[in-house]
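Here is a briefing on one protein chain. Look over the sequence and the model, then read on by topic.

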Amino acid sequence: MSDGDNSPISARAAKQLFAELKAAPALVLAVSGGPDSVALMWLAARWRRSFTRGPELTVVTVDHGLRAEAAREAREVKRLAAKLGLAHRTLRWRGAKPTTGLPAAAREARYRLLVQAARSAGASHVLTAHTRDDQAETLLMRLLRGSGIAGLSAMARFSSRDGVVLARPLLDVPKSQLIATLKRAGIGFADDPTNRDASFTRPRLRALLPQLAAEGGDARTLVRLSVRLARANAAVEVLTDGAERFLRLRDRGQQPQPGVRSFEAAAFATLPEEVRLRLLLRAIDALGHEGPAELGKIETLLAALDQAVRDQNMAGASRARANGRAILKQTLAGALISLAGGRIHVAPAPARRRKGAQKGA
């Protein structure tokens with residue numbers, strides 16, 4: 001860790017962090033009360049005061065109803081927001097909570113509520129306080145789950161959700177620098193014990209980071225890897241766009257079927273494996289109704305398609321194409337994928353019958 005990682009963020013540096021957001025009509029700041037989000041609020045308020053006209057800032061705290069302390073922490077955020085001259089809202093995640101996958105469900109609920117708050121405030125962006133440390137942890141989590149290049153690219157500085165831009169202005173900032181900033185300003189913050197709860201994956205990986213850093217794998221190095229993977233992912237996406245155009249050119253003169261994506265199997269087979277995986281993923285996510293599709297299942301599907309094409313070639317194309325019958329048919333993520341007549345077809349799968357439905361209903 002460099003000395004700069006422990007120094008407070010200057011007013012000039014803060015201005016650079018938020019520079020791209022100056023033209024936004026309004027911004028929602030997601031503030032839980034922890035050091036990262038409190039620093040985001042304090043820095044954003046200081047930045048906003050540096051000019052006469054700029055975005056309206058609204059602070060939103062989401063109370064997931066999972067800890068007794070959360071309501072008190074939300075009140076503390078409201079108190080500090082008022083001191084900084086910012087509007088504040090507390091939103092609550094109501095309803096039953098899942099017994100498994102709680103962190104993911106809580107995260108989904110949080111973003112849903114934040115997007116709703118942004119629309120109510122007329123805000124174009126929701127700002128979250130993800131840091132360099134969060135980026136490194138996310139990379140490790142996805143690496144252990146076997147994510148592909150796209151997943152290992154980790155979080156982007158800007159992304160979109162339901163028409164609202166999610167901005168992460170602190171992605172290049174270490175958590176230690178945010179804490180130093182708050183200490184210099186004399187601002188307190190909450191300590192969420194779930195951040196150290198070893199029953200969850202992220203805290204367990206967080207505890208390993210010092211050991212990885214001792215071997216050269218510190219947060220800065222891990223983030224550099226994620227940036228390089230993001231660069232590679234962008235290049236493969238360009239190749240995939242080109243492959244889609246190539247396949248469409250091959251199909252000139254073909255009568256397209258409404259609601260179906262279709263590829264010439266022979267031309268599809270000439271493309272690099274990663275590109276073929278992405279073409280299938282795009283088609284399945286576009287036409288399926290149970291997505292998004294898992295990468296591992298797409299890989300299994302592609303292997304089955306490749307084998308079916310090889311079997312078709314061995315059997316003779318004319319015999320395999322007789323009457324256009326399908327020599328492979330699978331469903332995945334609510335899409336029906338088939339190989340028939342020398343073509344790969346992707347279409348919406350028939351809706352599954354609900355359990356308990358009466359026969360003939």
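Leaving out neighbours within four places in sequence, phenylalanine 18 is in contact with Leu40, Leu43, Ala44, Trp47, Leu127 and Pro169. Contact here means heavy atoms within 4.5 Å. This is a predicted model, in which local features need pLDDT of at least 70, side-chain atom pairs count only at pLDDT 80 or more, and totals for chains, interfaces and linings use all residues. Residues are numbered from 1 along each chain as its sequence is written, and side-chain values use heavy atoms, with hydrogens and water left out.

**Nonpolar cores**

- Phe18, Met41 and Leu86 touch the most other members of the largest nonpolar core, which has 34 residues.
- A nonpolar core is a set of buried Ala, Val, Leu, Ile, Met, Phe, Trp, Tyr and Cys residues joined through side-chain atoms within 4.5 Å.
- Buried means under 20% relative accessible area, exposed means over 50%, and partly exposed lies in between (1.4 Å probe, protein chains only).
- At least two residues of this core come from each of α1 (11-18), β1 (26-30), α2 (35-48), β2 (56-63), α3 (70-83) and α7 (175-185).
- The top contributor is α2, with nine residues.
- Helices (H or I, at least four residues) and strands (E, at least two) are DSSP runs, numbered from the N terminus.
- Another core lies apart from this one; it has 30 residues, including Ala283, Leu287, Leu301 and Leu332.
- In soluble globular proteins, nonpolar side chains tend to be buried together.

**Helix α5 against α9**

- The axes of α5 (residues 132-144) and α9 (residues 219-250) come within 8 Å and cross at roughly 65°.
- Axes are lines fitted to C-alpha atoms, for helices over the stretch in contact, and angles run from 0 to 180 degrees between N-to-C directions.
- The pair α5 and α9 is therefore roughly perpendicular (angles of 65 to 115 degrees; under 35 is roughly parallel, over 145 roughly antiparallel, and the rest oblique).
- From α5, the contact uses Arg132, Gln135, Ala136, Leu139 and Leu140; from α9, it uses Ala219, Arg220, Leu222, Val223, Leu225, Ser226 and Leu229.
- Eight residues of the α5 contact with α9 are nonpolar, two are polar and two are charged.
- Ala, Val, Leu, Ile, Met, Phe, Trp, Tyr, Cys and Pro count as nonpolar, Asp, Glu, Lys and Arg as charged, and the others, Gly among them, as polar.

**Helix α9 against α11**

- Helix α11 (residues 273-287) packs on α9 at an angle of about 70°, with the axes 9 Å apart.
- So α9 and α11 are also roughly perpendicular to each other.
- In α9, Asn233, Val236, Glu237, Leu239, Thr240, Asp241, Ala243, Glu244 and Leu247 meet Glu274, Val275, Arg278, Leu279 and Arg282 of α11.
- This contact of α9 with α11 holds six nonpolar, two polar and six charged residues.

**A buried glutamate**

- Glutamate 137 sits in helix α5.
- Glutamate 137 is buried, at 3% relative accessible area.
- Beyond residues up to four places away in sequence, glutamate 137 touches Arg202, Leu205, Arg206 and Leu209.

**Positive phi outside glycine**

- Aspartate 162 is not a glycine, yet has a positive phi of about 50°.
- Aspartate 162 lies in the loop between β5 (158-161) and β6 (164-167), and counts as exposed at 51% relative accessibility.
- Alanine 333 has a positive phi near 55°.
- Alanine 333 is in the loop between β8 (326-332) and β9 (335-340), and counts as buried at 14% relative accessibility.

**Whole chain**

- The chain has 13 helices and ten strands.
- Of its 361 residues, 43% are buried.
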